[in-house]
Each structure stands twice: as structure tokens, then as C-alpha cells.
Amino acid sequence: MIKRTVLLLLIGIQGILLYAQKEKGPIQFVRPNIGSAHSRYFFYTPAAVPFGMAKLAPSTNGSDGNASGWEAVGYDDRHRSIEGFANFHEFQIGGIVFAPTVGPLRTIPGKEGLKNSGYRSSFDKSDEYATAGYYRVLLKDYKIKAELTATERVGFHQYTFPETDSANVIFDIGHKMGESGPVLDAEVTYDDRHIWGYVVTKPVYVQKYQEAANVTMYFYAALDQHPVAYGAFRDAAKYEGVKHMKGKGAGIYLRFKTRNGAKIGIKTGLSYTSVDNAKLNLMKEASALTFTKAKADAIQKWNSSLGRIEVKGGLEVDRIKFYTGLFHALLGRGLADDVNGAYPKNDGTVGQIPLLKDGRPLHHHYNTDAIWGAFWNLTQLWAIAYPEYYNDWVQSQLLVYKDAGWLGDGIANSKYVSGVGTNFTGLAIAAAYNVGIRNYDVSLAYEAVRKNELEGQGRIPGAGKLDVGVFVKKGYSPYVKDLTGKPELNTEGSPFGASHTLEYAFSAFAAAQFAKGLHKSADYKQLSKLSEGWKLLYDPATKFIRPKDSMGVFLDKFNPLESWRGFQEGNAWQYTFYVPHAPEQLVDLLGKETFSKRLDSIFTISQKNLFGGGKHIDAFAGIEGLYNHGNQPNLHVSWLFHYAGRPDLSQKWVRAICNEFYGTDGIHGYGYGQDEDQGQLGAWYVLSAMGLFDVKGLTGEQPSFLIGAPLFETVKVKLPGRKSSFLIEAGPQQPDHYYIQSGTFNGRPLKDLTLKFDELNKGGVLKLALSALPK
């Protein structure tokens, strides 16, 4: 209790310093800066709307680093200078930077911590404010107040200048930004208060999985003031009076004469298909919008979306964690189609989504990081409260399948950017069908899912699972040492063969339920058999999952703590529990008592290391530990006690993870510097704080949630498209009351701590009685 009280005081101080401008509605609890130290490029984008294309944010280190294509880059809460404001922030996509300055013109961003090295400016945290839909900061070096907001496809910048005859606005188009990779080409043109152009990039993951492909970002910007001078630049070389520049490093600068307090506003239409469509997006979404109205609309959209799950009571610190986590879950995987339904196809041409009678696209297309692990957070959350987005996400994946022949593990501008060389898109589609989300071509969806799980012949790198052919043949993926530096491309096995086997068995199970639903009996039989592949790697002598070679022999010199030998981003201690589709069978193999004691001891030891990498700021800090909440393969493990008849231990450890792994400052947000992939860790917190979780990721024959102890007095889910709602009532909260004594659903006593998805989706009231002692 003392620790929690101190934490509340710290949160209160942070609120006074950073959030003095109190918002109303759920966004009053959103703190974008939480966990933003060592975060991914797309993590910190406060000036955006849910699932939007326009994601505006300051960059403190966006133009530097990121050699491997995924490292922490963009905004770091520990930094104290800003190099500009980027309009695109997505997985493997970033660019179109604007920067206001005063005084001598500099056209390169410069280095963090190196004063006057470029156009960047220092700032104080007390002069920064961020919430869902809006960002504001004072650039100290120039005495400029910068404000950002957005609609779905239009970014709004508003810069308030001091009195000066040398106010500059720099449009830096041709430099690398975030995860975008090297710039291949850029072009920018200025004429009569309008600037337009594009940048062509080759992100590392595109190079890796679709070598000939590129990613292009287009923009069309309109200013509300005339400059007194203008020019173009390429890197540090400036060309006064020039309106056009092409090539790497290209940009435009405008110079203004301003009175004190003068505002310069910029509206920027964005697109992945053309400058014309960027202009169209601007005209359709924002031609009559002022900055003030756009900001108000963005905040209203966030309150509406966040408000689909309404929590009351409990500790304020937990409401802050909850709505900040939900904010991140609704921020990633943003729009990739234009207002007219145009979208970027995998082959670089422009596709067309069918239009409704009112001219709107029938559905949307989205960029998306890989769905690895998202079945334990995002897809469950989408299914509960955002099913229309989940349906669109499926449609989006099927667009790529129709265009290029394979489901993509991850996509950037429809290009294949497989994240870890596996592919869980089929599982996520099967889960959507399983819970009744089916407003798409179901036969096409099944064809895509079946191909994803069973076919290795002719499989392209971007589809991931290149070793699925040998998995189908042998029932497991053999350990094969990588000698190429490209382990994801091996077709006869994998250096991560054991974890691949577990993952492919899980996704085969999901596809089997899809097959059963469509009466595909032969497929159901084959996929069900493959779902048992994990048993081939279970070693009864050690009671661990253990890699086998191509001859079916367990690897020697086995160390269950060793990562990267048979296991991707984890080890045997962690992955032995990766049988989410058959946890009952895993418990039977180990024995209930052995299972519970081993798992309980794992959490007891891991708690000393904050359930992950401790305070070491590195995304991979916990992969050689017993448990690592900072990475996807472990996210279901704390709920597994239910299957051994010890739900009280799940209640204990889930609450401990919520309290201790999750923090509320820039460094300790989602662990310490852990890899928060587009809201996955935030969504896990949201589900667990609600007291709902499905280990099977909604893939079970009768999808159900395990019931845990909510962190709030009430949790209300406003079911989309229904007049009814789903309400959880837990009564007045005591922080140490996390054991469930009894419960009812719609007045009927619970037989066990499970709730069918269909029951939740119809609406009703779940009442829980909590205590400080286990039942």
C-alpha cells in the first residue's frame, strides 16, 4: 500500500506539470508519454485519431539510427530537443517532416544533444502537453509554440511565432525518418501557399521480404499565410527562389515576417497512392476545418472510441494505465486507403475498393505490423468492442491475398514485411469467423487461411512460415542451424524450429475450427492432426518442449534457459507453456500439482525482475529469463493456472503484473524499454484490468473468456450496433482484494470462472464478490 500511495502522489505531480489543461471524458486519463523512452517509431503519435493515416508527432531522434528496421527511434521521453514534426508514423513507414525555426536557416535536422547542429530545438518538459488527438510544445531556441492535431488522413500544424523577420517553415521531404529505411527518391514543389510531393523509401523489412518493392508517401499541404521568400534545398545546400527540388535530401523552405503571436497554419493531406489523392483527402476531410475545430473533433472521436469501455471506481493510477493502454491499442495499424477508395497494391499499382452509394469505400485498408501475439490482446479487444474494425482488418488482409496470392504476416503500403518469419494472420481471420465476424467473402477467407497453414510450395518470403511444408510433412519443424544470416528463409526447418512447431500447431487448430464450421471434414481432420505437433517435441525426461533435428532426435547440450537455439525470442522455460489451444492436455502431461508449483515458482522468481527484463532498457532484456511479459510468447501464461484448478494463482499473478510490470512514467511504462508492438501490451492490460482473457485467442470450439478480478468497481462495454451493454460489477475496490469468492451472470450463479463470448456479446451483468483471501 505504501508503494501504491507514493505512486499516486507521483502521478498527481505529473498531472500538474504535464496535464494542467484538464480534458473531459476518457482522454483525461490518457498519457502518451508513458513508456515513450526507448519506444518504437509508431508508439508516440498523440496527434492522430483512432486507426488514422495521419499520425503527427515530434521526433527527438527520428532521423538517426534504426539500422535493423525495428529499433527504438522517433520520440524518447529522456531527450530534450525536437528535430521536427513528422506526419507519417507506421510500421516500416515514416516521413514528411515539417519544422518551424527563427533566424539563420538550417536544412538538416542535426543531432540530439548537439546544439546548433541543425534545425532542431531544445524544449522543457514543463512546456510540453500531449493527449489523445492533440500535442503542444514550446520550442525554446526559437520561442515558437507548435501545436498538432489530425483528421483521418489530414495532419494539422499550427505554429505561433515571436516577432521576427526571419520566421522559417522547413519541409524536409527527402530524408530518412523512423522505420522508413533509406530514401531512394523524393520530389517537392511550392506554389502559391501550397506544397506537394512525395518520398520513396525502402524499409529494411521490405528489403528483407520483398526486395524489389518500395514504399512511397505522398502529401499535399496548404498554408494559411503567404511567405515573403521561399527556396529549395538538398541536404545542406540551399537554392533561394527555387520552387522545385528532386532527389534524396530534397526539401522546400518558406520565410515569413511575423508579429508577436502570429500563427501560421498548415493542413496536410496524406496518401499512399498519389499527390492528387492527397489533395482530395485534404479537400474532402478538412477544406472548411479550422485547427480549433479539428482538435475538438479529434478529441471527440477519441472520447467516443475510448468510451466504448467505461470504467469507474478503483485507483486513478489504474484508470490512467487502462485508458493509455486502450489509446495505444486503437492507435496502431492505420488507414492506407483514400477517401475515394483508392489503395496501394502489392505490385506498386493503385487498386480500388468498391464504393457505397454515398461514395464512401465499402471497407478500409490498413497498414499493419505482424499479428504475432495479438490474439492475446488486440484481436480479443477488437472482437469485444470494435468488431467493425476487426472486420475491416480481415478485408484488408484479403485485399493483399487477392492481389498477390498469399496472406501477409505484416504489410506496409501492401508490401510484405513479415515480422518474425511466422504468420498468424490465418489464425486471426479464423478467430474472427469463430466469433461471428463474417461480413466478407468467407469462402475466399477460408481459401487464404487454408493455404497459409498447409502450403509450402512456391511460398514467397513475405508470407512467412517458409518451413510450413516440412511441418506439414513431419508434424514438426526441425532445428536447422542458420548459416545464411536470413533464418526466416529456410524451408527445411528453422533455427527456431521448436517455437515454430508450437506456433504452427496453434494456428492449425484455429484453422481446423474454421474448416469444421464450413463442413470441410478432410481439412478439419488434417489440421486437427497438425495441431498436435507440439507433442512430438515434449520431452518427458526433462518435462520441457525440446527442439529436434531433422532425424527426429532431441538436441544435445539442452539448456532450457538458452534463447535463439530452437526458440525465437524466448527459451524452453517460456515456450513449454505455449500450447494455448490445448492447455488441459499440457496440464495432464505435467500433472496439476507439478504444473501449478512450477508455474507459481516461475512467477515468484520473475517478480524480483519485474516479470521481464528488470530495469534494463532493452526490448530483448527478458528473453533468457523464466518469464518475460515484455514479449509476445508469454502473454497468456499467467492465466494458465485456471486449467490446473488454481484460478486464485492467476488472480494473484495477473494483478501483480498489472501493478508492477506496468508503470506510469516515460521510462517505466510497459516494462522498462520493452517492445510495445502497436498496442499489444496496452491491450493486455485493458483485458486483464477488465478481468477477461481467453488463452485460446477466441479460436476454441466454443470461444470463452476466463474471468479474473477487475481493477474497477464497474466495467461497462457498450456493444457496437446493440442497444444492450455488458456490465461487470465488482463493488467498492480495495487494492488488495483480487481473489474472486463468488459470481453471478444475469442473476445465475457461475458454475466456473468462464464466460462464453456469445453471452458477453448479447449483453448482461456479471457480478463478482472479491476478497483479500483466496477462496
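Modeller: Contact here means heavy atoms within 4.5 Å. The model is predicted, so local features need pLDDT of at least 70 and side-chain atom pairs count only at pLDDT 80 or more, while totals for chains, interfaces and linings use all residues. Residues are numbered from 1 along each chain as its sequence is written, and side-chain values use heavy atoms, with hydrogens and water left out.

Biologist: Which residues does F322 touch under that definition?

Modeller: Leaving aside residues up to four places away in sequence, F322 touches I309, V311, Y685, V686, A689, M690 and F712.

Biologist: What makes a set of residues a nonpolar core?

Modeller: The members must be buried Ala, Val, Leu, Ile, Met, Phe, Trp, Tyr or Cys residues joined through side-chain atoms within 4.5 Å. Buried means under 20% relative accessible area, exposed means over 50%, and partly exposed lies in between (1.4 Å probe, protein chains only). The largest such core has 207 residues, and F171, F322 and Y390 have the most contacts inside it. Its largest share, 10 residues, comes from helix α11 (residues 497-517); helices (H or I, at least four residues) and strands (E, at least two) are DSSP runs, numbered from the N terminus.

Biologist: Why is this core said to lie between domain 1 and domain 2?

Modeller: Domain 1 (32-306) and domain 2 (309-333 + 582-774) both give residues to the core, and therefore it lies between them. The domain bounds come from an automatic or database domain assignment. Another core, of 16 residues, lies apart from it and includes Y134, Y218, V275 and L282.

Biologist: How far apart are the C-alpha centres of domain 1 and domain 2?

Modeller: The two centres are 37 Å apart. The contact takes 25 residues from domain 1 and 29 residues from domain 2.

Biologist: Why is α16 called oblique to α17?

Modeller: Axes are lines fitted to C-alpha atoms, for helices over the stretch in contact, and angles run from 0 to 180 degrees between N-to-C directions. Helix α16 (residues 647-660) and helix α17 (residues 680-690) have axes that come within 10 Å and cross at roughly 130 degrees. That angle makes α16 oblique to α17, because angles under 35 degrees count as roughly parallel, over 145 as roughly antiparallel, 65 to 115 as roughly perpendicular and the rest as oblique. In this pair, V654, I657 and C658 of α16 meet W684, Y685 and S688 of α17.

Biologist: Which handedness does the crossing of α16 and α17 have?

Modeller: The crossing of α16 and α17 is left-handed, and α5 passes α17 in a left-handed crossing. A crossing is left-handed if the near helix is turned anticlockwise from the far one by less than a right angle, and right-handed if clockwise.

Biologist: Why does D694 count as buried?

Modeller: D694 has 3% relative accessibility and therefore counts as buried. D694 lies in the loop between β28 (692-693) and β29 (704-707). Not counting residues up to four places away in sequence, D694 touches F375, W376, Q380, T699, S704 and F705.

Biologist: Is R333 buried or exposed, and what is its relative accessibility?

Modeller: R333 counts as buried, because its relative accessibility is 1%. R333 has a positive phi of about 55 degrees although it is not a glycine.

Biologist: Why does K557 count as exposed?

Modeller: K557 counts as exposed because its relative accessibility is 73%. K557, also not a glycine, has a positive phi of about 50 degrees.
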